Amino acid sequence: MSSESHILLGQTLSYAADPFAVPLEDAIRFERRGAVVLCDGKILEVGPADTVTRPGGARTTDYGDGLIMAGFIDAHLHYPQTGIIASWGKRLIDWLNSYTFPEEARLIDSDYAKEVAKRYFDLALANGTTTSLSYATIHPTSVDAYFEEAQSRGLRALAGKTCMDRNAPENLRDTAKSAYDDSKALLEKWHGVDRLSYVITPRFSPTSTPEQLSALGALWGEHPECLMQTHISEQHEEIAWVKELFPKARDYLDTYEAHGLLREGAVFGHAIHLTEREEARIKDVGAGLVHCPTSNTFIGSGIFETARMKADGQKVGLATDTGGGSSFSMLRTMAAAYELSQLKGHALHPAQLLWLATCGSAQVLHLEDRIGNLRAGMEADLVVLDLGSTPAISQRSQRARDIWEAIFPTIMMGDDRATKAVWTAGKPVS
């Protein structure tokens, strides 16, 4: 047995099935006193502390009542916007022009891009996020900075060069050809290296000409092993703009489908105001939707109907949408998802919220066989949550009648103080 073996003790939570699809008792595996055995970056065994196999020479870390679970997966964010998070008072298009584009222009400087990438990963890990899918900027330097920082920390990370050839400042526009060429070069440089994945990334239809969308669709056709990420139907003004720019398109989704950008492996952020046809088509091809609740409230976009989407069979993940989203915390993101769902008459269960932030996001990113669950054979990316991290949370969790009442106050009121420990690839993050 490897000298890299570790045993983590605490409360353990894993999933046997999707809690949106089966009764809770069939979906959850919870141990009040559990153990997770790690070896060579993988989970070797999960079970009751008194029955798991304990490798000789393994080091043991006892987290007491800490809740050990899969690390959070942030399935849609913009790491270049780290510095402008929580900027006041704008809708989507104004937000882009006032805050986003000026900041993204700065990442042409590789030193600045590296500084922002380091800051982003520091904040993400502090909040228990172990995998991130990010948009970079149009600059290859921004992609390199993100992947280099993730690689240095042994993280599983995904990103792509953001492509825009219209309706953006001149210093943030590329062309159909350069978008293809740069994306291809970055894909060949980074995809599949260590734990990194390149994702083809048109920002959204309003900032790409049909020629650019077709070029990126062609690239995706040449590299079907990659994912493709973009935005769709975030705000009504945006949808009206798309209709003006693409008068022959049946709807917003058709602006992607017509250019080879709709199939399994597509990751659509927001998707709040989809038509019936769009929902049916996305489900039919098996593409994924990513719910960004703190962003949707902060920028005033609308309410993504999580419970209905899941009941209809859509793949749904969860994300902070940094920096349109107002928090780096996936706990705060879960709380916002709960609150928005309440406005639609559905009280999402704590098990469902945690599933969205782990298994759900992993499924959307086609990584459910590697990350997102506490299960033998999975990569050992874990978070340990302190369920009494503040006086307010502690006094409520002490009254809990079951594990869910103990967990829910941390979902609703928790922040980085709830992150007791983080492990990535089987190693503790200092």
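Is Cys292 buried or exposed? Cys292 is buried, with a relative accessible area of 0%; buried means under 20% relative accessible area, exposed over 50%, and partly exposed in between, with a 1.4 Å probe and protein chains only.

The model is predicted: local features need pLDDT of at least 70, side-chain atom pairs count only at pLDDT 80 or more, and totals for chains, interfaces and linings use all residues. Residues are numbered from 1 along each chain as its sequence is written, and side-chain values use heavy atoms, with hydrogens and water left out.

**Cysteines**
- The structure holds 0 disulfides, a disulfide being a pair of cysteine sulfur atoms within 2.5 Å.
- The closest cysteine sulfur to that of Cys292 belongs to Cys359 and lies 19 Å away, too far for a bond.
- Cys359 also counts as buried, at 13% relative accessibility.

**Helix 4 and helix 5**
- The axes of helix 4 (residues 140-152) and helix 5 (residues 176-190) come within 11 Å and cross at roughly 15°; axes are lines fitted to C-alpha atoms over the stretch in contact, and angles run from 0 to 180 degrees between N-to-C directions.
- Helices are DSSP runs (H or I, at least four residues), numbered from the N terminus.
- The two helices are therefore roughly parallel to each other, as angles under 35 degrees count as roughly parallel.

Technical notes:
Parallel < 35°, antiparallel > 145°, perpendicular 65-115°, else oblique.
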